[in-house]
Amino acid sequence: MEESSTETLDRIDVRILRALQAEGRLTNADLAARVNVSAATCHRRTQRLFEEGYITGVRAEVAPAAVGLGALVMVGVVLDRSTPESFAAFEEAVHKLKEVLDCNLVAGDFDYLLKIRVRDMADFNKLHGQKLIALPGVRQTRTFFVMKEVKENARLPF
């Protein structure tokens, strides 16, 4: 999707996106009723929103603690070199770590900020010692254990 914005969406598209963002399990019939269009129109529009990249997927939100992943850890990573090759090697390697939920290239004190889910501090210690510091180009890491999740996976504000 090339530089999409709500300016290229009409009010019905925006209502479809908002409804699905709030409740992704809506049936097409329920969604159509909520946005006040026919089921056929709703289906066509929803398919187009998928095809054009406005909707990138639909998935369940699993409670981390319920599946034994109660510890959330943020890790700032500084690489030893700031070159396109260093960034590419790091990014390719971090994609292979299932514990890393998010990896963002950032401006500021770190090159990357990682969001990681693990069982507990011992689990993170093992991940850090065996995998994180072994990632390509890592010079330094700074770890922040989240004490309380105040706002998580909020809806997009459009």
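Reader: What makes K131 and E99 a salt bridge?

Author: Their side chains meet with 3.8 Å from N to O. The cut-off is a Lys or Arg side-chain nitrogen within 4 Å of an Asp or Glu carboxyl oxygen, so the pair passes. Bear in mind that this is a predicted model. The two ends sit in distant parts of the chain, with K131 in helix α5 (residues 121-132) and E99 in the loop between α4 (84-94) and β2, 32 residues apart.

Reader: Are K131 and E99 buried or exposed?

Author: One of each kind, sort of. K131 has 36% relative accessibility, so it counts as partly exposed. E99 has a relative accessible area of 14%, and buried means under 20%, so E99 is buried.

Reader: How many salt bridges are there in the whole structure?

Author: The search turns up eleven. Take D13 and R45, whose closest N and O atoms are 2.8 Å apart. D13 lies in helix α1 (residues 11-22) and R45 in helix α3, so this pair ties together parts that are 32 residues apart in sequence. Both D13 and R45 are buried.

Reader: What about E23 and R34, where the side chains also meet?

Author: That pair is at 3.1 Å, N to O, and the limit is 4 Å, so it is a salt bridge too. E23 is in the loop between α1 and α2 (28-35), while R34 is in helix α2, eleven residues away. With a relative accessible area of 37%, E23 falls between the 20% and 50% limits, so it is called partly exposed.

Reader: Which residues do salt bridges with shared partners join into one network?

Author: D10, D13, R45, R48 and E52.

Reader: Why is V67 called exposed?

Author: Exposed means over 50% relative accessible area, and V67 is at 51%, so it qualifies. V67 sits in the loop between α3 (39-51) and β1 (71-79).

Reader: What makes V62, V67 and L69 a patch?

Author: They form a nonpolar patch on the surface, and together they have about 250 Å² of accessible area. To join a patch of this kind, nonpolar side chains must lie within 5 Å and each residue needs over 30% relative accessible area and no salt bridge. V67, at 51%, clears that area limit.

Reader: Where does the "HTH asnC-type" label come from?

Author: From a UniProt annotation in an unreviewed entry, which places that domain at residues 9-70. Over that stretch the chain is 53% helix and 0% strand, and its end C-alpha atoms are 38 Å apart.

Reader: Which strands does β1 pair with?

Author: β3 and β4 (residues 138-145) are both partners. Seven bridges join β1 to β3, antiparallel, and V75 stands opposite L114 there. Seven bridges also join β1 to β4, again antiparallel, with M74 opposite F144. As for cover, eight of the nine residues of β1 are buried.

Reader: What makes the phi of N36 worth a note?

Author: Most residues other than glycine have a negative phi. The phi of N36 is near 65°, a positive value, and N36 is not a glycine. N36 lies in the loop between α2 and α3, and at 67% relative accessible area, against a limit of 50%, N36 is exposed.

Reader: And what about the phi of N153?

Author: N153 has a positive phi of about 50° although it is not a glycine either. N153 is placed in the segment after β4. With 57% relative accessibility, N153 is over the 50% limit and therefore counts as exposed.

Methods: Residues numbered from 1 in each chain as written. Predicted model: local features only at pLDDT ≥ 70, side-chain atom pairs only at ≥ 80, totals over all residues. Heavy atoms only, no water. UniProt positions renumbered as here; feature names shortened; annotations may be inferred. Helix = DSSP H or I, 4+ residues; strand = E, 2+ residues; numbered from the N terminus. Patch = residues over 30% accessible without salt bridge, like charges linked within 9 Å, V, L, I, M, F, W, Y side chains within 5 Å. Areas by Shrake-Rupley, 256 points an atom, 1.4 Å probe, with all protein chains shown as cover. Buried < 20%, exposed > 50% of the residue type's maximum accessible area, 1.4 Å probe, protein only. Pairing = 2+ DSSP bridges.
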